[in-house]
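Here is a short briefing on one protein model.

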Amino acid sequence: MDHSRTPLFTALKEHAAKNPVQFHIPGHKKGLGTDAEFREFIGDNAFSIDLINIAPLDDLHQPTGVIEEAQKLAADAFGADHTYFSVQGTSGAIMTMIMSVCSPGDKIIVPRNVHKSVLSAIIFTGAKPVFVSPAQDSNVGIDHGITISSVRKALKRHPDVKAVLVINPTYFGVSANLKEIVDLAHSYNVPVLVDEAHGVLIHFHEELPMSAMEAGADMAATSVHKLGGSMTQSSVLNVNTKNGYINPYRVQTIISMLTTTSTSYILLASLDTSRRSLALHGREMAARTIELAEYARNEVNQIEGLYCFGKEILGGEATYSYDPTKLTVHVRHLGITGYETENWLRDHYNIEVELSDMYNILCLITPGDNRETIDILLTALRELSDQYMHVNEINELVVKTPEIPQLSLIPRDAFYGDTEVVPFKESAGRIIAEFIYVYPPGIPILLPGEVISQENIDYITDHVDVGLPVKGPEDRSIQNVKVIVETDPIF
């Protein structure tokens, strides 16, 4: 296919050049009806293509023209049979995957460290999650993915599951052997869904982990905006129909149900043009990014008190391959937390990182970086080391992830059940009716239907006390929590 073409973006530019008289939404009408300061900042070009699904521009909900062409080009670039554009982010694509294969009461195998969008889809469908614990890394205090042995155990125990969901790669860039997991699940006639939010570049360079489509997975939600150059909230859903598990027409129906009818053509155009860049120059972009990341990693590992893992992490079931463009910088030996490091970098160097936790910060190196941006980060980290090394007591690394709580109710039943509000610190033994998660990365600690344990309470309180971003409950202070009403027995 001719990947130099951008059918959707070209159609938008040609339409704008005609300068039509518009009697349709959006009401700003090429920017004339919007705030003057905002228009000056954004620019008239952006407003000229902020359009709606009029006939010449096709319709994302039932594409037959330039959007269909753009999606076919994307499918070819990503090695998929079908690709669907998402303006609801990868969250919308993930929910589409699950809702396409699960019905009320169906079981689905999912890692415990999944994104909250997975659990939202489980609530919407009324499915029952079968949780698999991710492998823990006691050296740096992070979770990796699930192992093939844990998936095998889950499939043997629950052969009636409707899907297996895998994160590939994880937020920190680490992958299990996805091909083995896919082959195992398919031997049980179970489709594999992949959260590939942090894996757009892996399609374009052999030194990166294997992509979901290459591994033979059945669906994969891929964030083009995170690492591939498109605008925030734009992602793709890649579908492989060769295994016979996925009905592409149902996928189109579900993604349409979850998508606004006022789709952003600016976001869609950014997907179209980013596909062009990746298809034509993806390997070169990835190679340059890997080179920058390895330079940064080598330099970080020469700074006293800091450590950034590399190839030495490989060799375990959950660490089959990794994406070197994710820099996980371990700061514990400076006697500070990752959260304190994030704030220090912001205050002293105007640097923003992807996330922080008790022991680490995560920095993403992308095709948008260069030697200058990397050197600014390295200069900051060297000063950080100079300021904190040999000053504070070094805390022992303790991976305190609590056991997976008992699931007493299907999440949908708990979410929509009769509830009451109780003090969180007094809620041990009660069934929670809302989410509690750390964002980023959006991984749940408790979800509706689970029994709250004292261990959960202590773990969450520790995170709140050090300032980590615990979110989810209606009470943002995490002082109170919604639980299922306990009815009195009748004698």
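Accessible areas come from the Shrake-Rupley method with a 1.4 Å probe. By that method, the protein exposes about 21400 Å², and carbon and sulfur atoms supply 49% of it. The model is predicted. The points below go from the whole chain to single residues.

**Overall build**

- The protein has 16 helices and 20 strands.
- Its C-alpha atoms fill a box of roughly 65 × 65 × 50 Å along the principal axes.
- A compact globule of 491 residues would have a radius of gyration near 23 Å, and the protein agrees because its own value is 23 Å.
- Of the 491 residues, 56% count as buried.
- Take the contacts with a separation of 6 or more: residues 24 or more positions apart account for 72% of them.

**The second largest pocket**

- This pocket holds about 370 Å³ of space.
- Its lining has 16 residues. Nearest its centre lie Val 130, Phe 131, Val 132, Arg 157 and His 158.
- Two elements give two or more residues to the lining: β3 (128-132) and α7 (148-157).
- β3 gives the most, with five residues.
- By class, the lining has eight nonpolar, four polar and four charged residues.

**The largest cavity**

- A search of the whole structure finds two cavities of 30 Å³ or more.
- The largest cavity has a volume of about 40 Å³.
- Its lining consists of Leu 60, His 61, Gln 71, Tyr 84, Phe 85, Gln 252, Ile 255, Ser 256 and Thr 259.
- β1 (82-86) and α11 (248-257) are the elements that give two or more residues to this lining.
- α11 gives the most, with three residues.
- The lining has four nonpolar and five polar residues, and no charged ones.

**The second largest cavity**

- The second largest cavity also has a volume of about 40 Å³.
- Its lining is made up of Gly 145, Ile 146, Val 166, Ile 167, Asn 168, Val 174, Ser 175, Ala 176, Leu 178 and Ile 181.
- Seven lining residues are nonpolar and three are polar; none is charged.

**Helix α8 and its cover**

- Helix α8 spans residues 178-187.
- Its buried residues are Leu 178, Ile 181, Val 182, Leu 184, Ala 185 and His 186.
- Leu 178 and Ile 181 also line the second largest cavity.
- The cover over the buried residues of α8 includes α7, β6 (164-167), β8 (192-196) and α9 (212-215).
- α7 also gives two or more residues to the lining of the second largest pocket.
- Asn 189 follows α8, and its phi is positive, near 60°.

**Gln 454**

- Gln 454 is found in helix α16, which covers residues 454-465.
- Is Gln 454 buried, partly exposed or exposed? Its relative accessible area is 41%. Buried means under 20% and exposed means over 50%. Gln 454 is therefore partly exposed.
- Gln 454 and Leu 57 are 397 residues apart in sequence. In space they are 56 Å apart, C-alpha to C-alpha.

Terms used: Residues numbered from 1 in each chain as written. Predicted model: local features only at pLDDT ≥ 70, side-chain atom pairs only at ≥ 80, totals over all residues. Heavy atoms only, no water. 1 Å grid on protein atoms, 1.4 Å probe; cavity = no way out; pocket = protein on both sides within 12 Å on 5 of 7 lines; lining within 4 Å. Points joined across faces, edges and corners; volume = space filled by probe spheres on them. Helix = DSSP H or I, 4+ residues; strand = E, 2+ residues; numbered from the N terminus. Nonpolar A, V, L, I, M, F, W, Y, C, P; charged D, E, K, R; others polar. Rg over C-alpha atoms; globule rule 2.2 N^0.38 Å. Buried < 20%, exposed > 50% of the residue type's maximum accessible area, 1.4 Å probe, protein only. Contact = heavy atoms within 4.5 Å.
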